[in-house]
Amino acid sequence: MNGREKPDRAVVPEKSSNNAVGTAAEGMEERALAKGNAGEAGIHRTLSRERMNQRLARVREAAKRDGKQRFTALVHHVYNTDTLAFAYGSLDRRAAPGIDGVTWQSYGEALEENLQDLSARLKRGGYRASAVRRVFIPKADGRQRPLGVPSLEDKIVQRALVEVMNAIYEVDFLGFSYGFRPGRSQHNALDAVTVGLEKRKVNWVLDADIQGFFDTLNHDWLLRFVEHRIGDERITRLIRKWLTAGVVEDGVRTVSERGTPQGGSISPLLANIYLHYVLDLWAQQWRGRHASGDMIVVRFADDFIVGFQHRADAERFLAALRERFAQFDLTLHPEKTRLIEFGRFARKDRERRGEGKPETFDFRGFTHICGKTRKGWFKVTRKTMRRRFQRVLAEVEATLRKRWHRPIPEIGKWLAAVVRGHVRYFGVPGNGPRITAFRFAIGRLGHRALRRRSQNDRTSWERAARLIDLYLPKARICHPYPNQRLRVRTRGRSPVR
């Protein structure tokens, strides 16, 4: 491979760090339809998207006009073939099949007929949800995270329903909610946290974690929340079908009255709806009624950060939050929920009390640290989480053991994709040393793999360094400063209120 050859696309562990739900959203990337050549597929999907947006524009405007309106006729937008075609094109064509074994490619061989049949079954009420196939992926702390793999048609219908429901809920959701929403990303949430800590009077940070949120979500409460805005019983019936379809693991099907399997397109939206009513609206109201000083909130799915000016506010909020969650069958993780001193005065106050440096907290793959600018002003320093750094290296090393006998260009292309994906996510201002160290560590792993190809291999570090420069992209900062990007995005409006 020469230096200009474009590497194959690879799955990079850091793309969706969010930890569990990161992989749950199907619509993260645009993907083409199967039939016809690439150009025709793109045109087909674009036209479907335009026609779908025109139909949903009236729903969106009605939701803006009246925040309490219940929509009683929505299901026809779901079974519309344009919506279903767009949903199919939005799915990951490389994703593993569900229990029915149907792949994206095989379904696309007779796409028009299959979508017409699916639309007819949805229209007459003959659609049946399938159980999801359970798989496990490693978490950053070494445990296994369960994911559900729905059947392809369930993915299509869920993705179509998400498009329809987003027309309503994107009007309702608050500005500090960032998880799996159109036009919002993990870096938008990271920017909001950084700017809020630097620009607002924040001295205490509540780093909260909901224990087993996706496993304990109450179905009855969820459907009651959905019915605040959705009056179409056929929509709530679809949601109930997916919630009660069950999970298949080792050939055994189990059905639970709680939780929603992570892995389908609908799960992140349902999580946002649940937490919108349980947490977001309540936190906004608490801030206006009870906070005596500044307070910021940033939430990404079930992961959220709350900052306070006064410790008394933080302690009262935490106690009230525990009571609030208990009403809706949620629990804060006792070990992962912490109230720490963090902010512009934290370092001086702790030094005065002889308590050492301020504590740090982790959010969206980054460790946040009380740092200083060159002029001595307070700033938030963000570095790649050590556990994330080490876990990815361990995964790369394990994969290299299976690949080190392949041609050097092939190994180089794969390692380049890993480095490129890591840098694209973690290449934020101030994290240059960590991403440089990651690139160097990947190069060392590649060198070790070359040395193990044969007992007589004597690949020198000088030759390995030349191969590293040839294949691995440079570790460069690729994100702007948080206040710059957030200013463009919010146009001066507060990102955390």
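Modeller: Let us begin with residue classes: Ala, Val, Leu, Ile, Met, Phe, Trp, Tyr, Cys and Pro count as nonpolar, Asp, Glu, Lys and Arg as charged, and the others, Gly among them, as polar. The model is predicted, so local features need pLDDT of at least 70 and side-chain atom pairs pLDDT 80 or more, while totals for chains, interfaces and linings use all residues. Residues are numbered from 1 along each chain as its sequence is written, and side-chain values use heavy atoms, with hydrogens and water left out.

Colleague: By class, what does the lining of the second largest cavity have?

Modeller: Rolling a probe the size of a water molecule over the atoms shows where empty space is left. A cavity is a set of points, on a 1 Å grid over the protein atoms alone, where a 1.4 Å probe fits but cannot get out; lining residues have an atom within 4 Å of a point. The lining of the second largest cavity has seven nonpolar, six polar and one charged residues. Among its 14 lining residues, Val132, Gln158, Trp242, Pro261 and Ile266 lie nearest the centre. Two or more lining residues come from each of α6 (152-172), α10 (233-243) and α11 (266-290); helices are DSSP runs of H or I of at least four residues and strands runs of E of at least two, numbered from the N terminus.

Colleague: How many cavities of 30 Å³ or more does a search of the whole structure find, and which element gives the most to the lining of the largest cavity?

Modeller: The search finds four. α16 gives the most to the lining of the largest cavity, six residues. That lining divides into twelve nonpolar, four polar and no charged residues.

Colleague: At what angle do α14 and α16 pack?

Modeller: Axes are lines fitted to C-alpha atoms, for helices over the stretch in contact, and angles run from 0 to 180 degrees between N-to-C directions. Helix α14 (386-403) packs on α16 at about 20 degrees, the axes 10 Å apart. The pair is therefore roughly parallel, a term for angles under 35 degrees.

Colleague: What is the strand order in the open sheet?

Modeller: Two strands pair if DSSP finds at least two bridges between them. The order is β2-β1-β4-β5, with mixed pairing. The edge strands are β2 (144-149) and β5 (252-254). β4 (247-249) and β5 are antiparallel over three bridges, and Val247 has Thr254 as its bridge partner in β5.

Technical notes: On a 1 Å grid over the protein atoms alone, a cavity is a set of points where a 1.4 Å probe fits but cannot get out, and a pocket is an open set with protein on both sides within 12 Å along at least five of seven lines; lining residues have an atom within 4 Å of a point. Grid points are joined across faces, edges and corners, and a volume is the space filled by probe spheres set on the points. Angles under 35 degrees count as roughly parallel, over 145 as roughly antiparallel, 65 to 115 as roughly perpendicular and the rest as oblique.
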